[in-house]
Amino acid sequence: MTRPGPLGRVKWAANRALLKSVGRLSKGVRIGYRYGFDSGTMLDYVYVNKAHGAVGIGLAIDRIFLNAVGWRAIRARRALLLATLDEEILARGGRDGSVFVLDVAGGPGRYLQQLIAGHPEGRVRVECRDLAEAGLRQGELLARARGLSTEAISYEVGDALDPKPPSSGAPDVIVVSGLYELLLDEHRIRESVERLRGLLAPGGSLVFTTQTRHPQLDFIAHVLPNRDGELWEMECRSVEAAERWARDAGFGEVESAMEAVGLFAVTVARG
């Protein structure tokens, strides 16, 4: 993040004031201020990608907000993540014919419900964890509305950086989506990758995302609050660095792909 001079501080203060006032006519901006622009609830709104706002100008602001390059990249990341998980599921049968997927920071888990729906009933079992209970409750309501049972997808409060073994057995696939981009301390990421490898079933896979670049880092870091109410700083890292975390943790087979917009990578680590 670039540290601003006096004129820069005035500019960012004006941007914050504008977003907090006129910007709140956008539903997406209101969600960001209530839950954090990095929250699972915010990402769930971005995934739906349907503009809402007060009167005509609020609707227009919300559409501009949802069309921001970072949100477009996050939707492309979800598409790549779903395709990657589909491949992992098709490649394995699981111990009882099903594949157990654990997402350690899944928020409402809308994409996980889509993942389950794309396979025969009973083929995919999911445990979705997050620290934000509001997002988990939202996910449960969505799942029940879709007719998904608690056997198909369950929601649990859990710390992604201090993960506990699932009570239903070791997962075949563990997902970490949108978390490592938020961590400024790389040592914490390395520790996380090592811990999650220890939770996997034999032959299991870790699927995680990283952000390689973002053209609006300064705007985000000076204007948008995160889930803790602090300005949202992010760290961009190379695909090579992400793959090195996995290899250093003991994974033998590691590969990555970029989403279509070109800001995020999805890495699969096996073995």
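Me: Which residues of helix H1 are buried?
Reply: Happy to start there, and please keep in mind that this is a predicted model. Buried means under 20% relative accessible area. In H1, the residues that count as buried are Gly8, Trp12 and Leu19.

Me: Which helices do the buried residues of H1 pack against?
Reply: H1 itself runs over residues 6-21 and reaches 23 Å from its first C-alpha to its last. The face turned away from its buried side carries exposed residues, Pro6, Leu7, Val10 and Leu18. The buried residues pack against helix H2 (27-35) and helix H9 (217-223).

Me: Is His222 buried or exposed?
Reply: Good one to look up in helix H9, where His222 lies. A polar atom of its side chain is 2.8 Å from the backbone oxygen of Asp218. The relative accessible area of His222 is 7%, and under 20% counts as buried, so His222 is buried.

Me: What is the handedness of the crossover from strand S2 to strand S3?
Reply: S2 (residues 124-130) and S3 (residues 153-157) pair in the parallel sense over five bridges, and Asp130 stands opposite Val157 in S3. Between the two strands, the chain passes through helix H7 (residues 133-145). This β-α-β crossover is right-handed.

How values were computed:
Residues numbered from 1 in each chain as written. Predicted model: local features only at pLDDT ≥ 70, side-chain atom pairs only at ≥ 80, totals over all residues. Heavy atoms only, no water. Helix = DSSP H or I, 4+ residues; strand = E, 2+ residues; numbered from the N terminus. Expected span 1.5 Å × (residues − 1). Buried < 20%, exposed > 50% of the residue type's maximum accessible area, 1.4 Å probe, protein only. Contact = heavy atoms within 4.5 Å. Pairing = 2+ DSSP bridges. Right-handed = clockwise from strand over helix to strand, strands pointing away. Polar contact = N/O pair within 3.5 Å; in protein donor to acceptor, adjacent residues only side chain to side chain.
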